[in-house]
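Keep the sequence and the 3D view side by side.

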Amino acid sequence: MRAVIADDEPLLRHHLSKLLGELSSSIEVVASAKDGIEAVEKIKALKPDIVFLDIRMPGLNGLEVATIINELDVLPRIIFVTAYDHYAIEAFEQGAVDYLVKPIDESRLLKTCERLECQQEQSLNREELINILSQTQVKKEAPLTWLKAAKGEDIHLIHVDDVEYFKAEDKYVTVVTQSSEYIIRTPLKNLSRNLCSDTFWQIHRSIIVKVSSIHRVSRDITGKMIVELNGSAHKLPVSRNANALFKQM
């Protein structure tokens with residue numbers, strides 16, 4: 001089964017494609033799209049069997065894309081992906097085969113793959129949809145504003161606007177500002193969920209950087225991308241998975 005992934009987050013597209021490759025031998029990702037307009041173009045051109053559609057995308061949102069492709073002669077099966085579960089009923093009304101809530105849980109995605117691989121699969125019904133959302137239990141929180149961070153024996157309140165980057169260490173995360181460094185014990189994975197994704201980018205599995213702090217992106221002698229910060233000697237590695245974040249810069 002050929003699949004297209006449409007999501008405006010490069011890391012999400014890569015992560016979902018990688019998980020699908022690990023969880024299913026019968027689903028092949030043939031293309032990805034960064035917005036709704038590109039999604040429609042690729043779906044019309046490639047005629048995939050499956051489409052993973054982010055609901056909140058620029059250009060056209062996922063529900064608008066679903067409305068357009070529902071007019072095609074051969075309809076792909078749609079799996080909606082979103083961080084906002086209040087879109088669930090609208091997704092149901094568009095005939096979604098399944099519905100995934102970000103951050104994507106591997107066990108939930110496995111169930112989605114099993115549903116897609118079942119030849120007699122039917123679209124979600126309302127009871128299934130309610131059950132999915134009740135199991136997800138994703139908290140909808142406002143982006144993080146203040147951090148309680150330690151330096152020595154003292155606790156400091158750090159505004160996220162003052163943070164240059166976060167770096168995961170062994171059992172803690174270092175919070176780096178222009179003037180100092182602090183420590184918090186919140187795992188980087190949990191921290192990333194509470195940061196504004198437009199303001200902070202995860203450029204490496206151990207590093208989240210504030211976008212406005214980036215001076216430029218260069219390459220080292222091995223060809224790997226390096227982020228250089230404004231007014232700082234610090235240079236931060238960019239993982240291969242995050243390279244796509246800087247392709248248009």
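Are H2 and H3 roughly parallel or roughly perpendicular to each other? This is a predicted model, where local features need pLDDT of at least 70, side-chain atom pairs count only at pLDDT 80 or more, and totals for chains, interfaces and linings use all residues. Residues are numbered from 1 along each chain as its sequence is written, and side-chain values use heavy atoms, with hydrogens and water left out.

Start with the helices. Helices (H or I, at least four residues) and strands (E, at least two) are DSSP runs, numbered from the N terminus. The axes of H2 (residues 36-46) and H3 (residues 62-69) cross at roughly 25° and come within 9 Å. Axes are lines fitted to C-alpha atoms, for helices over the stretch in contact, with angles from 0 to 180 degrees between N-to-C directions. H2 and H3 are therefore roughly parallel to each other (angles under 35 degrees count as such).

Which residues make the contact? H2 supplies Gly36, Ala39, Val40, Ile43 and Lys44, and H3 supplies Val65, Ile68 and Ile69. Contact means heavy atoms within 4.5 Å. Six of the contact residues are nonpolar, one is polar and one is charged. Ala, Val, Leu, Ile, Met, Phe, Trp, Tyr, Cys and Pro count as nonpolar, Asp, Glu, Lys and Arg as charged, and the others, Gly among them, as polar.

Now turn to the sheet. Three strands form an open sheet, ordered S13-S14-S15, with antiparallel pairing. Two strands pair if DSSP finds at least two bridges between them. S13 (214-219) and S15 (235-237) are the edge strands, each pairing on one side only. Five bridges join S13 to S14 (residues 225-229). Arginine 216 stands opposite glutamate 228 in S14.

Terms used. Parallel < 35°, antiparallel > 145°, perpendicular 65-115°, else oblique.
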